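Reader: Could you walk me through this model with me asking and you answering? I would like to go from helices to sheets to side chains.

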Amino acid sequence: MTKTSIELQDLRRKIYIKAKSDKTWRFWGIYVHVCKKETLEEAYRLAKLNNGAPGLDSLTFEDVEESGVERFLEGIRTELLAKTYYPMRNRKKEILKDNGKPRILQIPSIRDRVVQGALKLILEPIFEADFQPGSYGYRPKRTAEEAVGRATCAVVKGRTQIIDVDLKNYFDTVRHDIMLSKVAARVNDKDILWLLRCILKTTGKRGLGQGGPLSPLLSNLYLNEVDKMLEKAKEVTNRDGHQHIEYVRWADDLIILIDSHDKWKWLEPKIYQRLQEELVKIDVQLNTEKTKVVDLKQGETFQFLGFDFRRSKTKQGKWSVRITPLMKARTKLLRKLKNILCRFISQPVSRIIYLINPILRGWLNYFRIGSSSRCFGYIRYWVEKKIRRHLMRNCKRQGFGWNRWSSSWLYQNLGLYADYQIRYSQKTKVEPVR
């Protein structure tokens, strides 16, 4: 179980091609593919790769491996084929968001994660064929870097009036009946709908459980009509050969970028009205306190996917976009690193570096685009100081040992993560305009 089997890849490819070529086709007889051994094996592999916490049954991947993976998966397959499978309740875990408010994660058991993963493997190619170009979140072969690049390019091309959309408790308010009808529009298989209904019921009468493998796909499907409306708006306003509207959506984070020329001022209230009309159809509310209209030409800024966007001039006097990591993102990283340094204060420096390197690598790889060099320089200096202070403490000395150890020694001899370079790809690098 090291990679997706050729048979499963071929099946998913055929499903996608059929769904893409015939937008009215309703797939039938696909439940049998969910129950296949190879589908369940791939779903288990992906679940283990994510290595999430156990559900209410406290069963871990180590427990499954000890008792036998084949036996575990065969038990799931038997229940699915006999229609005796029913998921258990999700384990709820509360985490704090950046604004200090709690977010409830619903963690399914490993058994239920495997079933959700198998269902996703079969349904995903169907709905991927229907999803729109401006949707990026949790989709195969699509990255946050591409989403940031799309927004950056739109701003550079003059779409500087931004509707920064915030949906009110989106994941908790998804209606199951509407969701099932959206799936049924493309799936004519009562067994698939039965299984999906069982999974949805674990969250109560409404909502999608954040934490399950199937939730990202369903959340994109639920908002797909909003994306279609925005694509239609782009097409309708493109009669002069220029695009005057752009949008980028990552899960429930949506920004709409509109041409700021006086000729197109009417677009902003019209798009806002159409957005509200589409949201009413799926019973989703705008968070009016956080949804705002931003004009970059007036020096205002907006935030998206952890970056701060602002309009600025280059040294050559041309208008461009400055995108930098949000201060709260940097603060969150340093707080996480500081907690490790404090917890393992008596441990060897090699242990500290072993723990903080993966965190640094992941954070820097995500933010190494745009104008992040100043932020990266600050982080590099902060990390170096903390490692030096740890070394001096072990030597029972004060200070930071600037003369005792060179910076290159910290990276080459101790193995401290050293790649702070900014990388500009074609996805985010755009030419400034006058």
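Reader: At roughly what angle do the axes of helix α3 and helix α6 cross?
Author: Happy to start there, with a predicted model in which local features need pLDDT of at least 70, side-chain atom pairs count only at pLDDT 80 or more, and totals for chains, interfaces and linings use all residues. Residues are numbered from 1 along each chain as its sequence is written, and side-chain values use heavy atoms, with hydrogens and water left out. Helices (H or I, at least four residues) and strands (E, at least two) are DSSP runs, numbered from the N terminus; axes are lines fitted to C-alpha atoms, for helices over the stretch in contact, and angles run from 0 to 180 degrees between N-to-C directions. For α3 (residues 37-50) and α6 (residues 110-128), the axes come within 8 Å, and the crossing angle is roughly 115°.

Reader: Is the crossing of α3 and α6 left-handed or right-handed?
Author: A crossing is left-handed if the near helix is turned anticlockwise from the far one by less than a right angle, and right-handed if clockwise. By that rule, α3 and α6 cross in a way that is right-handed.

Reader: Which residues of α3 and α6 make the contact?
Author: Contact means heavy atoms within 4.5 Å. On the α6 side, the residues are Ile-110, Arg-113, Val-114, Gly-117, Ala-118, Leu-121 and Ile-122. On the α3 side, they are Thr-39, Leu-40, Glu-42, Ala-43, Tyr-44, Leu-46 and Ala-47.

Reader: With which residues is His-33 in contact, leaving aside its neighbours within four places in sequence?
Author: His-33 belongs to helix α2 (residues 31-34). Its relative accessible area is 17%, so His-33 is buried (under 20%, with exposed over 50% and partly exposed in between; 1.4 Å probe, protein chains only). Beyond those sequence neighbours, the contacts of His-33 are Leu-11, Thr-39 and Ile-122.

Reader: What is the order of the open sheet of 4 strands?
Author: Two strands pair if DSSP finds at least two bridges between them. Here β4 (245-250) and β6 are the edge strands, each pairing on one side only, and neighbouring strands are turned by 20° against each other on average, direction ignored. The pairing is antiparallel, and the order is β4-β5-β3-β6.

Reader: In β5, which residue is the bridge partner of Val-248?
Author: β4 and β5 run antiparallel and are joined by 6 bridges. Helix α7 lies across β4 and β5, at about 160° to β4. Within β5, the partner of Val-248 is Ile-255.

Reader: What angle does the direction of helix α7 make with that of β9?
Author: There is also an open sheet of 3 strands, antiparallel, in the order β7-β8-β9. β7 (302-304) and β9 (319-325) stand at its edges with a single partner strand each, so one side of each has no neighbour in the sheet. Neighbouring strands of this sheet are turned by 35° against each other on average, direction ignored. Helix α7 (residues 144-156) packs on it, touching β7, β8 and β9, and its angle to β9 is about 150°.

Reader: How many degrees lie between the planes of Trp-264 and Trp-266?
Author: Rings of Phe, Tyr and Trp (its six-membered ring) pair if their centres lie within 6.5 Å; planes under 30 degrees apart count as stacked, over 60 as edge-to-face and the rest as tilted. The whole structure has 16 aromatic pairs. Trp-264 is buried at 12% relative accessibility, whereas Trp-266 is partly exposed at 46%. Their pair is tilted, with 6.1 Å centre to centre and a plane angle of 35°.

Reader: How far from the ring centre of Trp-25 is Lys-18?
Author: A charge sits over a ring if NZ of Lys or CZ of Arg is within 6 Å of the ring centre and within 35 degrees of the ring normal. Arg-404 lies over the face of Trp-405, at 5.5 Å from the ring centre. Lys-18 lies over the face of Trp-25, and its distance from the ring centre is 4.3 Å.
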